[in-house]
Amino acid sequence: MAHEEGRPDDAGGPDGGTEPGAGRAARRDEAVRAAVEQGLLGPGRPLAALLDVTGIRESAAELRAAFAAVTPPGTPVLHAFAVKATPLVPVLRLLHTEGIGAEVASPGELALARAAGVPPERTVLDSPAKTPAELREALALGIAVNADNPQELARVDALLADAPARPAGLRSPRSPRAPRSSFGIRVNPQVGGGAIEALSTATATSKFGVALRDEGAREWVVRAYLDRPWLTRLHAHTGSQGIALPLMARGVAETYALAEEINRRAGRQQVDTVDIGGGLPVNFASDATDPTYARYARLLKETVPGLFDGRYGLVTEFGRSLLAKHGTVVARVEYAKSAGGRPVAVTHAGVQVATRTVYAPAAWPLRIAAYDAKGLPKEGPAVVQDVAGPACFAGDLLARGQALPLLEQGDHAAALDTGAYYFAHHYAYNSLPRPAVHGFTADGPGRVTFALVRPAQSVEEIVAESGGAHVDALIS
């Protein structure tokens with residue numbers, strides 16, 4: 001890991017924490033217009049996703065700068081992108097070139113990171129259900145692993161016992177081989193939940209990690225480290241969207257206190273790296289970036305100063321906050337109608353790209369921007385209307401009762417802040433296809449360049465994924 005230098009401020013310029021992201025919005029407007037002009041959107045291509053490459057680079061730089069500002073020079077810091085947020089190889093490759101590694105939680109995510117060229121030493125494997133094969137692969141590659149529970153740690157012990165010998169000084173009675181990978185244990189500080197229960201991972205009964213406040217659990221963790229000198233990391237993640245910054249900082253503080261206890265009882269600095277997870281929430285209400293990485297990093301240093309005095313390396317695992325603001329799903333309005341006196345724009349973006357928004361609209365509301373048939377921002381008085389998707393159930397609504405210039409047939413509805421957990425995660429309801437994803441750079445009016453990140457899914461691919469090659473399997 002290498003310490004990343006950069007600009008520490010979080011409010012200078014239009015994309016900072018105190019002003020709306022005017023630059024980002026202007027690039028988005030140019031991209032939508034260019035997508036229509038260049039045929040990426042139209043009657044035959046009614047749905048596309050757009051990724052702002054400039055914005056992604058800016059977010060990566062802001063993350064590096066934020067932690068560089070609060071850590072002494074030379075502090076090892078690895079920022080590992082949570083691949084689940086946007087599991088697209090070109091995105092991981094872009095982030096890698098910007099100094100961001102990968103946090104993976106499945107064999108598929110690891111394969112994506114490797115395809116993107118992310119090296120093992122900049123990759124972290126987290127998962128509550130790692131198989132022996134996954135652990136063996138991580139050991140062979142030298143990927144850092146956070147063990148989730150006692151049974152997984154016992155599995156690691158067994159695998160290490162069969163591994164090639166390492167220096168005797170690093171052996172322990174229970175695990176005679178020292179791993180090539182860095183290993184740690186994930187703990188649950190049990191500091192409470194946030195506004196979205198499903199994304200709160202530090203509750204009393206969370207499925208993740210070793211629950212520190214359960215009877216005997218803390219002592220078990222300490223003893224596990226004392227018995228295994230090769231355990232050098234400690235990991236915790238309090239949650240993501242809906243978690244307040246003070247609660248996130250409290251989770252980190254609890255983890256740091258445990259690291260200090262382990263090192264004190266070991267009589268040496270055994271835990272040398274603390275993985276603080278990710279989870280910085282995203283503001284979906286406007287184009288402003290709020291909270292910022294700089295604000296969070298400053299809060300952490302104020303709350304846990306000892307973690308930032310140079311004795312510990314750091315790992316972060318941000319996902320949504322790096323990508324969300326830089327993605328836009330744009331759907332053509334196929335039909336405009338009215339029901340019960342309320343206008344309804346029927347589009348091709350619904351539950352298949354915005355599953356959380358459709359099923360839990362109160363927790364995951366999206367802003368919609370209206371564009372006309374030429375891809376220009378639509379003007380006119382705000383009209384309360386619904387923006388519906390194509391799936392066959394009444395709740396398939398991208399937006400409910402949102403005030404917008406009236407969307408008409410042939411216009412475009414753009415779902416904003418969808419760069420993470422939207423177009424990259426597909427829900428195959430009604431066998432609806434995955435949309436194409438295009439990265440773009442916008443250097444000014446009329447100067448937009450697109451690059452294909454992922455092609456739209458074809459009907460033939462849908463059939464193949466649905467067992468088309470085994471058509472007679474159940475009757476022969």
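This is a predicted model: local features need pLDDT of at least 70, side-chain atom pairs count only at pLDDT 80 or more; totals for chains, interfaces and linings use all residues.
## Overall make-up

The protein has 476 residues, and 55% of them count as buried. Its secondary structure consists of 12 helices and 18 strands. Sequence separation can also be examined through contacts. Among contacts between residues at least 6 apart in sequence, 70% join residues at least 24 apart.

Helix 6 covers residues 150–161, which makes 12 residues. At 1.5 Å a residue, helix 6 should span 16 Å, and its end C-alpha atoms are 17 Å apart, which agrees. The buried residues of helix 6 are Glu152, Leu153, Val156, Asp157, Leu159 and Leu160. Viewed down the axis of helix 6, these buried residues fall within an arc of 165 degrees, so they line one face of the helix.

Several elements pack against the buried residues of helix 6, namely helix 5 (132–141), strand 5 (144–147), strand 6 (183–188), helix 7 (217–227) and strand 8 (231–235). At the N-terminal end, helix 6 is capped by Asn149, which has a side-chain oxygen 3.1 Å from the backbone nitrogen of Gln151.

Helix 9 comprises residues 293–303, and its buried residues include Tyr293, Ala294, Tyr296, Ala297 and Leu300. They cover an arc of only 165 degrees around the axis, which puts them on the same side of helix 9. The partners that pack against the buried residues of helix 9 are helix 2 (53–68), helix 8 (245–266) and helix 10 (320–323).

The table sets out the accessibility of the two residues.

| Residue | Relative accessibility | Class |
|---|---|---|
| Glu103 | 3% | buried |
| Glu334 | 25% | partly exposed |

Glu103 belongs to strand 3 (residues 101–104). Because buried means under 20% relative accessible area, the value of 3% places Glu103 in the buried class. The side chain of Glu103 forms a polar contact of 3.2 Å with the side chain of Lys84. Leaving aside neighbours within four places in sequence, Glu103 is in contact with Ala80, Phe81, Ala82, Val83, Lys84, Glu109, Val124, Asp126 and Glu317.

Glu334 lies in strand 11 (residues 327–339). Glu334 and Thr347 are 13 residues apart in sequence, and their C-alpha atoms are 5.5 Å apart in space. Leaving aside neighbours within four places in sequence, the contacts of Glu334 are Val346, Thr347, His348 and Gln409.

## Cavities and a pocket

The structure holds 4 cavities of 30 Å³ or more. The largest cavity has a volume of about 160 Å³. Its lining contains 19 residues, of which Ser59, Thr289, Pro291, Ser321 and Lys325 lie nearest the centre. Helix 2 contributes the largest share of this lining, with 4 residues.

The second largest pocket holds about 360 Å³ of space. This pocket is lined by 18 residues, and the closest to its centre are Arg45, Pro46, Leu47, Pro435 and Ala456. Strand 1 (47–52) and strand 17 (436–442) each supply at least two residues of the lining of this second largest pocket.

Terms used: Residues are numbered from 1 along each chain as its sequence is written. Side-chain values use heavy atoms; hydrogens and water are left out. The expected span of a helix is 1.5 Å times one less than its number of residues. Buried means under 20% relative accessible area, exposed over 50%, partly exposed in between (1.4 Å probe, protein chains only). The arc is that of the directions from the helix axis to the C-beta atoms. Contact means heavy atoms within 4.5 Å. A polar contact is a pair of N or O atoms within 3.5 Å; within protein, one must be able to donate a hydrogen and the other to accept it, and residues adjacent in sequence count only if both atoms are side-chain atoms. On a 1 Å grid over the protein atoms alone, a cavity is a set of points where a 1.4 Å probe fits but cannot get out, and a pocket is an open set with protein on both sides within 12 Å along at least five of seven lines; lining residues have an atom within 4 Å of a point. Grid points are joined across faces, edges and corners, and a volume is the space filled by probe spheres set on the points.
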